[in-house]
Amino acid sequence: SWDAHARTLHRVALAAARPSDPALFADLLREVMTSLGAAAGLVAVFTDETRTSVRTIASILDGHLLAPFEYALAGTPCEQVTGKEFRLVASGLVDEFRASSLFAAKGMDSYAAYPLCDSHGERLGLLAAMDRNPLADVALAEAVLKIVGNRIAAELERATTEGVLKAAALAVSSARGETVFAELVRSLAAILHVDVAFIARPSAADPATMDVLAIQMDGAPVAIDRY
């Protein structure tokens with residue numbers, strides 16, 4: 001049994017170390033399902049900052065790759081995937097989450113999941129595997145999900161960082177004329193999803209005062225000259 005587990009973990013580790021490509025998430029999910037003998041699995045990310053719903057970026061059911069879909073976390077086993085802890089329902093999933101048509105309708109009995117977190121500990125989404133039979137090996141499931149989940153989380157964070165940098169570079173390169181500072185703070189607030197962004201410089205008349213060149217607050221420019 002240990003030799004079989006070692007071979008499985010070796011294969012999973014090699015899969016998690018592969019270079020990035022468009023099929024990465026789906027291929028890693030298939031590796032998880034193959035290793036655990038799971039009938040279904042998904043990789044999902046939060047749709048907004050409320051973290052009340054997710055959108056799948058890879059999902060597989062009975063060997064078939066599904067089209068992306070969104071679902072609310074309430075009433076599903078995914079609702080209890082919190083913090084940084086491995087989540088397990090070894091059996092009895094249908095009884096525990098009978099109200100969840102998404103999982104109960106497919107007759108899933110066991111569920112294992114791991115939250116996807118960035119390098120700062122912020123939750124990005126989750127990786128989950130399900131089966132119609134009780135989960136055979138809890139320790140193996142936890143190890144596999146953590147190996148693959150950490151790689152997926154790192155990839156999501158890298159893609160987000162690249163997207164932010166590209167958006168910032170585009171904003172800087174396209175800003176022109178007298179409104180350049182206003183355009184930059186508007187772009188900054190939008191890119192970082194913050195409530196307030198401003199550009200200011202020390203006042204020549206008073207070193208303890210800053211002259212505001214532009215400020216964006218709650219999605220609109222504000223007339224503030226100094227602080």
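**Strand β2 and its partners**

Biologist: How many bridges join β2 to β3?

Modeller: Two bridges join them; β3 covers residues 64–65, and the two strands run antiparallel. Keep in mind that this is a predicted model.

Biologist: Which residue in β3 is the bridge partner of Leu61?

Modeller: His64 in β3 is the bridge partner of Leu61.

Biologist: And how many residues sit between β2 and β3 in that hairpin?

Modeller: Two residues lie between the strands. Asp62 is in the turn, with a positive phi of about 50 degrees.

Biologist: What about β1, how many bridges join it to β2?

Modeller: Seven bridges, and again the pair is antiparallel; β1 is residues 40–46.

Biologist: Which residue takes a positive phi in the hairpin of β1 and β2?

Modeller: Arg51 does, with phi near 55 degrees. There are six residues between the strands of that hairpin.

Biologist: Then β4. How does it run relative to β2, parallel or antiparallel?

Modeller: Antiparallel, with three bridges between β2 and β4, which is residues 70–72. Arg55 has Glu70 in β4 as its bridge partner.

Biologist: With those pairings, is β2 itself mostly covered or mostly open?

Modeller: Mostly covered. The strand is residues 53–61, and seven of its nine residues are buried.

Biologist: Changing topic: what is the buried share for the protein?

Modeller: Of its 227 residues, 38% count as buried.

Biologist: How many helices and strands are there?

Modeller: Six helices and 10 strands.

Biologist: What radius of gyration does the protein have?

Modeller: The protein has 23 Å, whereas a compact globule of 227 residues would have a value near 17 Å. Along the principal axes, the C-alpha trace spans about 75 × 40 × 30 Å.

Biologist: What share of the contacts joins residues at least 24 apart?

Modeller: 49%, counting contacts between residues at least 6 apart in sequence.

Biologist: Last one, charges. How many positive and negative side chains, and how far apart are the centres of the two sets?

Modeller: The protein has 20 positive and 28 negative side chains. The centres of the two sets lie 5 Å apart.

Note on methods. Residues numbered from 1 in each chain as written. Predicted model: local features only at pLDDT ≥ 70, side-chain atom pairs only at ≥ 80, totals over all residues. Heavy atoms only, no water. Helix = DSSP H or I, 4+ residues; strand = E, 2+ residues; numbered from the N terminus. Rg over C-alpha atoms; globule rule 2.2 N^0.38 Å. Buried < 20%, exposed > 50% of the residue type's maximum accessible area, 1.4 Å probe, protein only. Contact = heavy atoms within 4.5 Å. Lys, Arg positive; Asp, Glu negative; His and termini not counted. Charge placed at Lys NZ, Arg CZ, Asp CG, Glu CD. Pairing = 2+ DSSP bridges.
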